[in-house]
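Subject: Structure handover

Hi,

Here is the structure for you to look over. Please open it first, then read my notes.

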Amino acid sequence: MFAYILRRVLYAIPILVGVNLLTFLLFFVVNTPDDMARLQLGAKHVTQEAIERWKVEHGYDKPLLLNHQATGAARFTDTIYFRHSATMFAFEFGKGDDGRDIGNEIRTRMLPSLAIALPVFVIGLLANISFALLMVFFRSTYLDLWGVVLCVVLMSISGLFYIIAGQYFIAKLWNLLPISGFAAGLDAFKFVLLPVLVGLVSGIGSGARWYRTIFLEEIGKDYVRTARAKGLSETRVLFTHVLKNGMIPILTGAVVVLPLLFMGSLITESFFGIPGLGSYTIDAIQAQDFPVVRAMVFLGAVLYIVGLILTDISYSWVDPRVRLQ
Amino acid sequence: MSAIQPVILWTDALVFVLVAAGVALTLYIRRHAHLRAPWGEVARRPMAAGAALVLLAFVTVGLLDSLHYRERLPDSPPDKPQYSVEVLSAFDALVGTLRTRQEKTYSAPLAMHLYAKEFVERDGAAVRVYPRLKYGGAHLADEAGRMPDIARRVMLGIAQGVSVAFLVFGALAAWQAARRKQRYGEWLADWGQGRLGWPGRTVVLVVALLATTVAVLLHLAAGYHVLGTDKVGQDVLYISLKSIRTGLVIGTLTTLVTLPLAIGLGIAAGYFRGWVDDVIQYVYTVLNSIPGVLLIAAAVLIVQVYIESRPELFDTAAARADIRLLALCLIMGVTSWTSLARLLRGESLKLRTLDYVEAARAFGVSHTRIIGRHIFPNVFHLVLIAIVIDFSGLVLAEAVLSYVGVGVDPTMYSWGNMINGARLELAREPVVWWQLGAAFVFMFALVLAANLFADGVRDAFDPRMGGRR
Amino acid sequence: MSGLLRVENLAVEIDGARVVDGVTFGVAAGETYALLGESGCGKSMTALALMRLLPDGGQLVSGTIRLGDTDVRTLSERNMRTVRGGRMGMIFQEPMLALNPVLKVGYQIGEALTLHRGLTGLAAQEAARALLDAVGVPDPARRLDSYPFELSGGLRQRAMIAMALAGEPDLLIADEPTTALDVTIQAQVLDLLRSLRSARGMGMLLITHDLGVVAENADRVGVMYAGELIEEGARTDFFAAPQHPYSRMLFAALPQPGRGRLATLAGQVPRPGEMPHGCRFAARCPHAVQRCRLESPDWQTLGTQRVRCHFAGQLDGHSRPAVPAEADVARAGESAETPLLAVDDLKVHFQIRRGFIQRTVGHVRAVDGVSLAVSAGRTLALVGESGCGKTTVGKALLDLVVPTAGSIRFGGETLAAGNLARLRRQAQMVFQDPFGSLNPRMRVADILLEGMEALEVGDAAQRREAVAHLLRQVGLPDDAGERYPHAFSGGQRQRIAIARALAVSPRLMICDEPTSALDVSVQAQILNLLKDLQAELGLAYLFITHNLAVVDYLAHEIAVMYLGRIVESGPAAEVLRAPRHPYAQALVAAIPRIDAAAPARPRLAGDQPSPLDPPAGCHFHPRCPHAGDVCRQRYPEETHLGDRIVRCHWVAGVTG
């Protein structure tokens, strides 16, 4: 088990190198520091001096990969790649264009992100499973048919609509909850409630429908007939036999996104003014703050890979047939 | 010496290539019984058939809107014609004045007055009032006549829509009865009891609804701004309809980019295994591990820089917006092929062990031929299902990306831009809701139809995935 | 009749199609009633209807089911649950699928104990252990904590039986309980079921397609055809003189020693919903007259037998060995000159990678030093149970898996990369599963053309000509080429697969269990076809199978494989009549026979070990009744006994 995890962690390194190189390619090669400077300085007819000044200020005046002027190790270290990309492996992200330390921002913004994303994830999972089980229990009836139609309708509505409608009706018109904002500690509760509610509603359509398909597939299997032949009641068959098998793909599918919850949700956080990583990212994109975007890409990749490893572990945990060597 | 100069934008060309491919595929399928059978199954499902009709209406608008041209300037010399920089489409020509009847700023749906007070000179004194609209309800003398006029137009529209529907139904009945060598009455009885073998009742109902909606809209739009006007006074109905093309282009062209990557790499990984599989899996794990929005954002920012630094390449604003739309499709395609590729890899892994593949290998059949004849035809249904399922997701994603600021060009008509532009107006008192509402309703209609159709396709092509009803 | 179960006029519909129609029979306490029939005749649906476990869309349309004095059909669902698993237990065909993969065996048995006997906790655990013990699971206390995937196929089926017995049922329904098992395991499980039935005085409803299983296990037999029960009677009378033409056909189609060409019937079982008027067998019946097609026959009683046939008792006596063995030229002829195929010391090892850097930690020796020879016009049967490596041998011959060592020679030429393309034409394969071996998206003509195109046989016109010829040769209609595989039945598909192999005119055909997925009557057609083709074209067959009866009918030589090695080989007739290797003896003994009055024969204990970790010394020694010390240490050398080669210390006389 330990050897297995170690191997998976080592496997992750080439992936991270790939991510790192890809972002480097996108941000420094395809799109040269000169382009960036022009974009940042705005005006169409900036002078070359202004561009050079901007590059020096941001440390983009070095060669990309190899510094022929330098000697020794500095040939490799005194480059844009080493200064701006390779440092990420040490989780040193440097400063954003606004001059703030990115690592610091990430640390302080993680919790608010989690405060929204975790409840949406946990409650959403439970709600989706319950709804799916309900439909499966009443399969081949009108309840099931209309349940599926409801799911399709819910998933056909834009997520933006849920947010805007939620803010407009619940917060603005009926004044039940604050429209947006965040507070530390327990006061956060009233700010968290609405975004979580919106997150649940926008996820239940596709979630419940997907789980229903999983359960229905299980219910057609031979072991269900065996369980019925034993004399078990339909509820018992559903809740012990079917649920236990159906949970394998559901849980392992959910585990992948677990670490990514730290990253928060871009849209939700931005609409509700939550000072989390999602709104941080979206602000960076809109301000074209490349160092922050690069840092978030790398962080996202790391968390995704952690998710993959957790998935494998959870497989061996919920499915006795899978044993990690 | 024509009065217009056709313009073929990049996306137009690709859209028509897609249409041509669709037609060719349809003809091919028609000639093969085993390919035709599941489509027949789709057509027999009422939900899917109804949804297909609605989709067809959207596609018609989108295709009309893809026939672009530029008008000749009226005062240009005949030997050296000059054309307007404004790129119009066949759709614009059809809807006529809907495009040109611009008000000053916001006005509510079917209103006669602007939504903002203005100082108006009246009897020599400046008073702050809601001024009358230039076009909306301009034919009316006063507010009192508005409601009756609207009601009259609605009734007229319904009457015409229903009669058109009846005409269509009559023609259908005549054609079908003749084909099935039945009497009129017998066919009607079969139709009424749903014994046609295809969902006749749903089809007729949807056609009637569509015809009525169109007729009512036509009558209302002649005198009013049916869905109000936006900040610069443009008709919201017009904007919403123009946005259909954007949505369709994103939903289809993106998949077009995805397919070669997903099919080629997915099947290669599953069929060849070994190092090919390792490399492909590595590539898609790397791509997958970068959060999608961020990857798209990074790429879009770069494209933006490229376009802005080379203004000389694009002669019209439309061409510039179009190339950005195409770039968006490309980027979303390149970032979203992984899930289908993974699915196809798994399926190819299974297929390659099947006896008929082994039998082919025992004959020494080449790999390309095995993939072409044995693997690809047997995973094609998965590709098809992925196309229809991805479509709705892509339409929805457009809105989100526009909000993030990495969507289509801000000058382009799109539901995402409508939502993005109107979002801030929610804070106004009283609220400006119609622009948001229109965008959401149009998007919902398209996505719901696409989803219902996708459901039908999935159930028909892969009964295992759909489950029993 | 002291009826435990009484079924009257049972009718079942699935999505409107009638799959069981007017079935009436009874099972007495302590007796085994066998429902016999080919696939699709409605026997499984009958069983599920008794349990009221019909699949979605299935409906019990009419009839009564009485268990003791309970009317099963009118019970409320709640009361029915006490009958299911309580008074009626059921065993299913595929034990891997029928057990819940993520619940422990002990838990799955315990569920039934709690439900029907109110046992919980330690008491339930003890009862479950006792049950596993009773069904012959070794080390039952430990097995309670096993998951189904940790058990072998035979143990899984035993666990399944333990589960069905947990409610102490009066009636046990066994739906093809041994079809998915190897023949030696089948014998063990059937023995177990017999002893359990007599020990517990249960009634048993045994559903099977295998006459041999019926002969050894049943007291009374009911034959089903196309949803109807068409004949019923005591076992001895039925086997002495089957009355219905269909029953007789089942016997005639069975390959048996000393029989010539198999009798076959054209056509197939009519599909539910397309049932003809009158007698449902009329279309295929050699005796049918106009009356049969118009009027459905009634039951006629003849002694202990009842039959639904207009000609009951009027047909001439049942002639068992009807056709005398035909003069089998090839069989009599000696194997001369150089063999067409000569395999020497073939090894196929698969690597097992494990650990931190995935280093190879061992090998699965799927094929471990196999030598074979087949001559033109002759058939070599490669026999063994699943997992013994026989299919891998076939695939290695066609380069579908890469051999680790050994040489393969076709017509004296050693197979190498250079002549692979040319030698490919010499050998082709026919696969087991007629549904998986044809690409559903290709027309039959294209399937047949594929090999000719790949190997560039003839020009386009000649190939088209060849397709027409091939279709006729395997007995398919001329228009078959334009259709897709789904339009054909299993037997017809297997004909297409044979035609595909024949398309490149090979000299050797590797047949990998070509009939094991087919019904007896269809199997007979395919076997006859193979035999005709051999006589006509002088083909050599490497016939890979587990079915010894088929071997007897078709093969000239036989090679018995156990865990990757050949343990006995020689002329087929001799080896089957008097096997020498203890494994071959057990294999022959395990076949259920329809003629012998089931003499007590030695049964093989235990399971075939994993090829991953074969026992030291002779691989067979843990299961061998004659094993001595030598057997545990050294793999035996070849012992030549006339034409025969046996690898066994006991046969060689070393063990003393």
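Below is what was found in the model.

This is a predicted model, in which local features need pLDDT of at least 70, side-chain atom pairs count only at pLDDT 80 or more, and totals for chains, interfaces and linings use all residues. Residues are numbered from 1 along each chain as its sequence is written, while chains are lettered from A and ligands numbered from 1 in the order in which they are written.

Confidence. The model scores ipTM 0.86 and pTM 0.88. Chain C has a mean pLDDT of 86 (the predictor's confidence in each residue, from 0 to 100). In chain C, 93% of residues reach 70 or more. Residues 320-335 of chain C stay under 50. The model gives that stretch 18 contacts beyond four places in sequence (contact: C-beta atoms, placed from the backbone, within 7 Å).

Chain B. There are 18 helices and 5 strands (DSSP runs numbered from the N terminus; helices are H or I, at least four residues, strands E, at least two). Its C-alpha atoms fill a box of roughly 95 × 70 × 55 Å along the principal axes. Of its 469 residues, 43% are buried (20 or more other C-beta atoms within 10 Å of the residue's own, placed from the backbone). Of the contacts with a separation of 6 or more, 71% join residues 24 or more positions apart.

Core. The largest nonpolar core has 401 residues (buried Ala, Val, Leu, Ile, Met, Phe, Trp, Tyr and Cys joined through C-beta atoms within 7 Å). Ala297(B) and Val560(C) touch the most other members. Helix H9 of chain B, residues 236-272, supplies the largest share, 18 residues. Leaving out residues up to four places away in sequence, Ala297(B) touches Ile285(A), Val293(A), Val404(B) and Val406(B).

Best wishes

Definitions and conventions
Buried ≥ 20, exposed ≤ 12 C-beta atoms within 10 Å, placed from the backbone. Contact = placed C-beta atoms within 7 Å.
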